[in-house]
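Let's go looking for charged side chains that pair up in a protein model. Keep the 3D view open while you read.

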Amino acid sequence: MSEVRQARTSAPALWTGARLEEVRSQFPLLSASESDGRLVYFDSASTSQRPRCVLDAMEDYYTRANANVHRGLYGLAVDATRLYEGARKKIASLLRAPRVEEVVFVRGVTEAVNLVAQSYLRPRVGPGDEILITLLEHHSNFVPWQIVAEQTGATLRVAAITDQGDLDLEDFRSKLSSRTRLVSVTATSNAIGTVVPLAEVIEDAHAAGATVFVDGAQSAAHGDLDPVGLGADFYAISGHKMYGPTGIGVVWGRFDLLSEMPPYQGGGDMIREVRLDGVDFAAPPQLFEAGTPNIAGAVGLGRAVEFLEELGPQALVAHEKALLEVLVRDLESFEGVRIVGSPTHRASVLSFVMEGVHAQDVATLLDHEGICIRVGHHCAQPLLHRLGETATLRVSVAAFNGSDDVDRLLQGLERVQRIFR
Ligand code: PLP
């Protein structure tokens with residue numbers, strides 16, 4: 001082990017030993033014994049693993065309270081509604097939403113962006129209007145705006161990044177104008193980990209009269225950026241990237257904005273009255289939750305929010321930051337490895353390439369050793385193109401990763417290098 005690698009075990013914020021084991025033991029998929037070859041899971045930016053308490057909460061709903069919500073009067077239905085609405089309250093509290101009715105359950109950030117694009121923005125824009133996003137965006141925060149621009153004749157503008165991978169604030173400001181109707185920005189880049197200066201972006205956008213949508217897919221489980229407190233108008237999160245289930249997420253919106261928006265989908269549970277000659281709609285959030293919702297998903301997400309609180313958000317952020325520093329230092333001193341992007345503030349995600357070895361080969365060989373890292377364009381093709389890459393290897397860290405995982409990764413990379421030399 002190199003001196004650099006030895007030094008890191010003393011980083012005080014890093015979870016090691018019993019604390020790390022205690023966290024890890026809560027994830028059934030990761031708690032195989034050493035002899036089975038413990039999995040090193042470094043792909044939480046794509047989807048995190050689920051702790052036992054989230055799985056239990058969902059099973060408990062299905063085995064003890066399974067019924068539809070908002071409909072039945074019998075005890076089970078009341079229990080199901082209580083669990084579902086209880087989850088909404090937990091999420092409202094996590095997001096510091098002024099009103100619980102501002103929390104709308106959706107499938108994830110993708111559906112959240114589509115909902116806001118179609119229901120909020122589409123009726124409000126036309127030729128001459130502009131939508132401003134950044135080059136850091138995931139395709140989910142690109143394509144729905146491209147579609148709405150195509151549908152309405154509005155123009156989609158994209159703020160540049162610097163060579164380091166930071167948002168170029170000067171370029172962003174130069175593209176903001178009284179024509180800008182909406183700014184949509186990620187809090188953290190899923191491809192290179194850039195943390196966007198949200199406070200400045202929101203302030204500038206509002207000064208120009210634009211509404212602000214914040215994509216929190218990569219930030220909700222990695223710190224307290226508080227977009228709602230910073231004045232965002234919409235904020236979206238995905239449950240499966242924050243230890244919760246897949247197929248559930250939330251879009252938070254200012255109540256006055258949600259109240260003016262037409263429904264996104266029609267169906268049961270989003271109406272007050274349906275007549276032959278028309279329909280009276282329910283108020284938000286029901287207005288945007290047509291049909292039977294993902295009840296177990298919401299319950300699981302509510303439990304995931306508690307799990308995050310139990311971990312201690314500040315300690316978790318400090319652990320992940322320390323681990324990322326270890327990773328950066330070790331990869332920087334690894335000959336033949338080049339880290340892609342060096343943003344001023346980076347959180348939870350790191351991309352790199354290995355000179356002379358195709359990224360897919362690296363990921364495949366690491367997989368043979370039980371190390372899961374992501375390879376590809378990370379659904380951020382415009383960003384990778386700007387950085388001169390078509391594919392990178394991406395490591396993303398979570399509560400259950402430790403410096404022993406980094407050791408396994410480095411050993412794996414050394415073996416890959418030996419094969420290709
Ligand atoms: N935005 C960012 C920054 C992401 O990383 C992702 C998923 O990776 C999404 C949006 C889309 O999230 P989902 O697939 O949960 O809808």
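What follows is a short tour of some salt bridges and one serine.

First, some ground rules: this is a predicted model, in which local features need pLDDT of at least 70 and side-chain atom pairs count only at pLDDT 80 or more, while totals for chains, interfaces and linings use all residues. Residues are numbered from 1 along each chain as its sequence is written, and side-chain values use heavy atoms, with hydrogens and water left out.

**Salt bridges**

A salt bridge here is a side-chain nitrogen of Lys or Arg within 4 Å of a carboxyl oxygen of Asp or Glu. How many salt bridges does a search of the whole structure find? The count comes to 35. Here are some examples.

| Pair | N to O distance |
|---|---|
| Arg394 and Asp43 | 3.1 Å |
| Arg179 and Glu130 | 3.2 Å |
| Asp204 and Arg173 | 2.5 Å |

Start with Arg394 and Asp43, whose side chains meet in a salt bridge. Arg394 sits in strand S15 (residues 392-396) and Asp43 in the loop between strand S1 (40-41) and helix H3 (52-64), so this pair ties together parts that are 351 residues apart in sequence. Helices (H or I, at least four residues) and strands (E, at least two) are DSSP runs, numbered from the N terminus.

Are these two buried or exposed? Arg394 counts as buried at 1% relative accessibility, and Asp43 is buried too, at 12%. For these labels, buried means under 20% relative accessible area, exposed means over 50%, and partly exposed is in between (1.4 Å probe, protein chains only).

Next come Arg179 and Glu130, joined by a salt bridge. Arg179 is in the loop between helix H7 (169-175) and strand S5 (180-186), while Glu130 is in strand S3 (residues 130-134), 49 residues apart. Arg179 is partly exposed at 41% relative accessibility, whereas Glu130 is buried at 9%.

Then there's the pair Asp204 and Arg173. Asp204 is buried, with 18% relative accessible area, but Arg173 is partly exposed at 39%.

Salt bridges can also share partners: Glu21, Arg24, Arg38, Asp404 and Asp405 are joined that way into one network.

**A buried serine**

Now find Ser48, in the loop between S1 and H3. Ser48 is buried, with a relative accessible area of 2%. Leaving out residues up to four places away in sequence, Ser48 touches Tyr41, His240, Lys241, Met242 and Tyr243, where contact means heavy atoms within 4.5 Å. The Ser48 side chain reaches the backbone nitrogen of Tyr243 at 2.9 Å.

How values were computed
A polar contact is a pair of N or O atoms within 3.5 Å; within protein, one must be able to donate a hydrogen and the other to accept it, and residues adjacent in sequence count only if both atoms are side-chain atoms.
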